[in-house]
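The stops below are given in the order in which they may be selected.

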Amino acid sequence: MVIMTTTSSHTFLPVLERIAEEIGRTPGRGRPADYIPALAARDARSFGMAVAELDGTVYGVGEWRQPFSAQSITKVFTLALDLAREGDELWEHVGREPSGNPFNSLVQLEYENGIPRNPFINAGALVVTDRLQTRTSDAAGELLAFLRAESGNPALDFDQEVAASETAHGDRNAALAHFMASYGNIDNDVTVLLDQYFRQCSVAASCADLALATGFLARHGIRADGGRLLTRSQAKQVNAVMLTCGTYDAAGDFAYRVGLPGKSGVGGGIIAVVPGRCTLCVWSPGLDERGNSVAGVAALDRFTTLTGLSVF
């Protein structure tokens with residue numbers, strides 16, 4: 001096997017094409033999320049993958065321009081937007097440790113007095129959205145504006161059908177929010193918070209959009225326009241939490257196989273960061289039992305194997 005050592009698109013594109021061809025021959029690609037009806041009808045064999053370089057050059061294979069439901073991937077961006085505003089005070093309200101439990105679990109909250117284990121399980125993401133809502137009065141709108149600016153796609157938007165579907169089936173998230181509110185760890189009205197959270201998760205974006213939008217984490221906190229969103233230390237923090245907590249209770253296996261900070265969503269997408277080099281997004285709606293894209297994890301595993309790029 002030849003290990004690639006350059007970030008040139010002329011090197012990466014054949015790698016992506018090889019990965020897409022291999023994935024296309026793989027049987028047993030998981031099942032779409034069926035607890036959100038608007039996602040259940042997706043074809044599990046759909047596949048797209050994009051790489052964005054630090055200068056904003058982006059290229060991909062498969063359905064890399066096809067919008068899909070970003071879902072929990074958006075938690076990375078709300079975390080960054082709030083961390084940029086309040087700094088370390090955020091970590092008094094949400095932890096930084098892997099959960100070891102399902103992403104919508106209530107169990108740990110009671111043991112830990114309403115402080116979620118990390119910002120990427122649902123309880124933690126609700127706290128982060130709540131705190132961003134307090135600081136902006138429109139957390140979902142702030143997120144959307146950021147994603148449009150970083151991706152260069154002004155048409156990027158919420159998917160109202162998905163938001164409505166999540167609202168109609170959002171009892172567990174409502175329970176999480178009310179439970180944390182009883183401990184004083186939620187500031188806003190729970191109804192307002194849930195509306196913001198479900199809209200946030202409903203963002204429809206493509207692999208190209210999300211790879212570009214994640215670029216600030218590969219550029220150590222620098223946005224696409226050259227402005228600084230996060231300090232270098234804060235960007236390191238977000239990448240570290242992605243590595244240890246970004247793929248639900250499969251983060252150890254993801255770190256073992258892929259070796260990059262990553263964040264998955266039940267819409268079938270996964271973003272990943274090669275600090276100082278590039279960012280990636282892969283999408284395939286078929287999920288494993290822990291909520292991660294089967295083909296997406298396999299594709300990122302092959303990418304780091306074929307290129308030799310990882311944080312290890």
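The tour begins with confidence and then visits strands, a helix, a loop residue and cysteines.

**Before selecting**

This is a predicted model, in which local features need pLDDT of at least 70, side-chain atom pairs count only at pLDDT 80 or more, and totals for chains, interfaces and linings use all residues. Residues are numbered from 1 along each chain as its sequence is written, and side-chain values use heavy atoms, with hydrogens and water left out.

**Stop 1: colour by confidence**

Colour the model by pLDDT, the predictor's confidence in each residue on a scale from 0 to 100. The protein has a mean pLDDT of 93, and 95% of its residues reach 70 or more. Next select residues 1–9, where pLDDT stays under 50; the model has 25 contacts for them beyond four places in sequence, a contact being heavy atoms within 4.5 Å. Where pLDDT is low, the predicted coordinates should not be read in detail.

**Stop 2**

Select residues 278–283, which form strand β8. Helices (H or I, at least four residues) and strands (E, at least two) are DSSP runs, numbered from the N terminus. Are the residues of β8 buried or exposed? Six of its six residues are buried, where buried means under 20% relative accessible area, exposed over 50% and partly exposed in between (1.4 Å probe, protein chains only). In a regular strand the side chains alternate between the two faces of the sheet. On one side of β8 lie Cys278, Leu280 and Val282, on the other Thr279, Cys281 and Trp283, and both faces are covered.

Three residues separate the strands in the hairpin of β7 and β8, where Gly276 takes a positive phi near 80°.

**Stop 3: the three-stranded sheet**

Move to the open sheet with the order β3-β5-β4, in which the pairing is antiparallel. Its edge strands are β3 (68–69) and β4 (157–158), each pairing on one side only. Between β4 and strand β5 (residues 203–205) there are two bridges, and Phe158 has Val203 in β5 as its bridge partner.

**Stop 4**

Select residues 122–136, helix α5. Since 13 of its 15 residues are buried, α5 is largely enclosed by the rest of the structure. Just after α5, Ser137 takes a positive phi of about 70°.

Now select Ile186, in the loop between α8 (171–182) and α9 (190–201). Ile186 counts as buried because its relative accessibility is 9%. Its C-alpha atom is separated by 8.4 Å from that of Leu126, 60 residues apart along the chain. Not counting residues up to four places away in sequence, Ile186 touches Leu126, Val127, Asp130, Ala177, Met180, Ala181 and Leu193.

**Stop 5: the cysteines**

How many disulfides does the structure hold? There are zero disulfides, a disulfide being a pair of cysteine sulfur atoms within 2.5 Å. For Cys245, the nearest cysteine sulfur is that of Cys201, 17 Å away. For Cys281, the nearest is that of Cys207, 4.1 Å away. Cys245 is buried at 4% relative accessibility, and Cys281 is buried with a relative accessible area of 0%.

Methods: Two strands pair if DSSP finds at least two bridges between them. The expected span of a helix is 1.5 Å times one less than its number of residues.
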